[in-house]
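This report goes through one protein model with its ligand.

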Amino acid sequence: MPDSHAQTASGLPTKIDTTVAHEARVYDYWLGGKDNYPADRALGDAIATHIPAIKSMARANRAFLGRAVRYLVAEAGITQFLDIGTGIPTAGNTHEVAQRLEPTARVVYVDNDPIVLAHARALMSSTREGRTAFIHADLHDPEAILHDPNLTATLDFERPVAIMLVAIMMYFRDADDPHAIVRGLIDAVPSGSYVVITHPTADFDERAMARVVLSAQQAGITFQPRSQAETRTLFAGTDILEPGVVPVVTWRPELADRPVTDGAAADPESAWYWAGIGRKP
Ligand SMILES: C[S@@+](CC[C@H](N)C(=O)[O-])C[C@H]1O[C@@H](n2cnc3c(N)ncnc32)[C@H](O)[C@@H]1O
């Protein structure tokens, strides 16, 4: 554990405040992890009263991350990843999926949550041939991420990079200009790079999602669902790959590492996230 009052080079506090809910820990709770506290579970359960299937939705989002990385390595030949909004390490972290297929793969993880920083060592379990790094930073300041020495020492921006923004952009209000943030990242990587985005949406049940937004707000967390059209606009500057920006469970399900046995997983409305991958021409 880091010193509870220390700050990283980024200047972000490293103190872990267990009295208020944190995005990474609520998500960890839904995924069945152990790195969460009563405040996180209270918000997780409050949201589950509005969306009873939230835990399987979170798992569906996580499963997409695995399929996306498998696609990028096996079909697109990508060996470099910038995974922003990493989350608490769990099964199938980006470097594990990528390095199983390509041991030389390199991954830079970025998260602003001190609890993810505390677990960063688990993200460093790279193959000998590959490399991983962790940056404690906030995506509100993308330039700080792009110029962080850990990034420049790990990734070669002369070669294509996959930018992973999986279940993070909902923490950005329109006033934060999420489009400019994503566009800035895309502009920084060379042609042939990719951006992977999932985004929760109210398109499947507006009223339930409005209650989720309120619960998050009451816990001090910004949460902005976006429509399919709004999510699509986050891919500006890239060509969106087939099958498009689609319900997360329907994005290339054949790339799953294990057969999908849950019948509900085939139902496009079973997880309220839009998902897609764009390629920078
Ligand atoms: C819902 S989790 C998603 C984890 C993982 N990407 C996945 O989809 O399985 C969102 C993560 O984004 C992180 N996050 C939220 N806002 C952030 C910001 N402004 N900068 C960096 N990370 C952020 C949270 O701490 C959390 O770990």
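Which residues in α1 meet which residues in α2? On the α1 side they are Arg-25, Val-26, Tyr-29 and Trp-30, and on the α2 side Asp-40, Arg-41, Leu-43 and Gly-44. The model described here is predicted.

## Packing of α1 and α2

The axes of α1 and α2 are 9 Å apart, and the packing angle is about 65°. Because angles from 65 to 115 degrees count as roughly perpendicular, α1 and α2 are roughly perpendicular to each other. Their crossing is right-handed.

## Packing of α2 and α9

Helix α2, residues 38-50, also packs with helix α9, residues 206-218. Here the angle is about 165° and the axes lie 9 Å apart. This makes α2 roughly antiparallel to α9, since an angle over 145 degrees is counted that way. The crossing of α2 past α9 is right-handed.

From α2, the residues in this contact are Leu-43, Ala-46, Ile-47 and His-50. They meet Ala-208, Arg-211, Val-212 and Ser-215 of α9. By class there are 5 nonpolar residues, 2 polar and 1 charged in the contact of α2 with α9. Leu-43 of α2 meets α9 and is also in the contact with α1.

## Packing of α3 and α4

The axis of α3 comes within 9 Å of that of helix α4 (residues 94-101), and the two cross at roughly 35°. The crossing of α3 past α4 is right-handed. On α3 the contact is made by Leu-65, Gly-66, Val-69, Arg-70, Val-73 and Ala-74. The α4 side consists of Thr-94, Val-97, Ala-98 and Leu-101. Of the residues in the contact of α3 with α4, 7 are nonpolar, 2 polar and 1 charged.

## Surroundings of the ligand

How many residues surround the ligand, and which are the closest? There are 21, the closest being Ala-24, Gly-85, Gly-87, Asp-113 and Leu-139. The shell divides into 10 nonpolar, 6 polar and 5 charged residues.

Three elements each supply at least two residues of this shell: α1 (23-30), α3 (54-74) and β2 (106-111).

## Backbone details

Pro-243 is placed in the loop between β6 (239-240) and β7 (246-247).

Ala-167 has a phi near 55°, a positive value in a residue other than glycine. This residue lies in the loop between β4 (162-166) and α8 (178-188).

## Confidence

The average pLDDT of the protein chain is 92, and 94% of the residues score at least 70. Over residues 1-7 pLDDT stays under 50. For that stretch the model has 11 contacts beyond four places in sequence.

Note on methods: Residues are numbered from 1 along each chain as its sequence is written. This is a predicted model: local features need pLDDT of at least 70, side-chain atom pairs count only at pLDDT 80 or more; totals for chains, interfaces and linings use all residues. A residue is near a molecule or strand if its C-beta atom, placed from the backbone, lies within 6 Å of it. Helices (H or I, at least four residues) and strands (E, at least two) are DSSP runs, numbered from the N terminus. Ala, Val, Leu, Ile, Met, Phe, Trp, Tyr, Cys and Pro count as nonpolar, Asp, Glu, Lys and Arg as charged, and the others, Gly among them, as polar. Axes are lines fitted to C-alpha atoms, for helices over the stretch in contact, and angles run from 0 to 180 degrees between N-to-C directions. A crossing is left-handed if the near helix is turned anticlockwise from the far one by less than a right angle, and right-handed if clockwise. Two residues are in contact if their C-beta atoms, placed from the backbone, lie within 7 Å. Angles under 35 degrees count as roughly parallel, over 145 as roughly antiparallel, 65 to 115 as roughly perpendicular and the rest as oblique. pLDDT is the predictor's confidence in each residue, from 0 to 100.
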